[in-house]
Amino acid sequence: MIDGKPLKIQYQSLSELVTENLMDFIMDDKIHMGEKLNTEELAQRLGVSRMPVRDAIKSLEKIGLVVSTPYVGAHVVSLDEKDVREIYIGRKALEPVIAYWACENMTEQELAEVEEIHRKLSEVCEDEPLSAKRIFLYNKEFHFAIYRVSQFKRITDMIEGLWNNLAFCKLIYSQNYADNRESARLMLQEHESYLEALREKNSQLLHDMLEESLKRNCEVIPKKVIKMLENRNK
């Protein structure tokens, strides 16, 4: 049971369902940034045993939503505006370069896979109501389907680490797309421009577009995200 509603099992493991519901709790402001996660309390709240909750917490650690400290326990990641800006500076340094080499290496089949992810994201952006969680997950899948083609695994892992560090704020910021269909449309439009560069094998164009986008985000998103979090906590 989740807040009085039964868990629905639809070709997912129990730990996957618990993970999704913990992400929902974060978006619904039922779990706050920096909050300690009590396995037993969450298990009771969800109506499950402690094992799937432990597994879910480990999954949330992998995507950067939770941090575990020995002898202390797990808590939701806590970031301030400086942290978010620093992460975007790192992304701006790495992602345009890795996208350049991905464009150089991409096969027709790999391009088709990226296009299919974009198609699914486009469908998600037509949902009523929009799901911030699904937008967050498909957006990340879209970007890393491109970056992994670069064949620079170490750098791609570094980028994924930065994304994971930012995951809490990215998840919350995705609510902006869910609340504003125009924002979702602009995101899809930006993705289309990346796809067009990939189709044309224009590596420099893809590099420049990502660099400009991340430069803009570095200036705008840290303040927006922190303001959103402050408003949620009032």
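View 1. Lys36 stands opposite His75 in strand E3. E1 and E3 (residues 73-76) pair in the antiparallel sense over 2 bridges; two strands pair if DSSP finds at least two bridges between them. Helices (H or I, at least four residues) and strands (E, at least two) are DSSP runs, numbered from the N terminus. The open sheet holds 3 strands in the order E1-E3-E2, with antiparallel pairing. Strands E1 (36-37) and E2 (66-69) stand at the edges with a single partner strand each, so one side of each lacks a neighbour in the sheet. The model is predicted: local features need pLDDT of at least 70 and side-chain atom pairs count only at pLDDT 80 or more, whereas totals for chains, interfaces and linings use all residues. Residues are numbered from 1 along each chain as its sequence is written, and side-chain values use heavy atoms, with hydrogens and water left out.

View 2. H4 (residues 81-105) has 25 residues and reaches 36 Å from its first C-alpha to its last, close to the expected 36 Å at 1.5 Å a residue; the expected span is 1.5 Å times one less than the number of residues. Asp80 caps the N-terminal end of H4, with a side-chain oxygen 3.2 Å from the backbone nitrogen of Lys82. A kink of about 30° is centred on Arg91, the bend at a residue being the angle between axes fitted to the seven residues ending there and the seven starting there. Arg91 is itself buried, and the buried residues of H4 also include Gly90, Leu94 and Pro96. Buried means under 20% relative accessible area, exposed over 50%, and partly exposed in between (1.4 Å probe, protein chains only).

**View 3. The buried face of helix H5.** H5 (residues 108-124) has 17 residues. Leu111, Val114, Ile117, His118, Leu121 and Val124 are buried in H5. Seen down the axis of H5, these buried residues fall within an arc of 130°, so they line one face of the helix; the arc is that of the directions from the helix axis to the C-beta atoms. They pack against helix H6 (132-147) and helix H9 (181-199). Glu108 and Gln109 are exposed on the face turned away from the buried side of H5.

**View 4. The surroundings of Ser213.** Ser213 is placed in helix H10 (residues 203-232). Ser213 counts as buried because its relative accessibility is 5%. Leaving aside neighbours within four places in sequence, Ser213 is in contact (heavy atoms within 4.5 Å) with Glu190 and Tyr194.

Technical notes
Polar contact = N/O pair within 3.5 Å; in protein donor to acceptor, adjacent residues only side chain to side chain.
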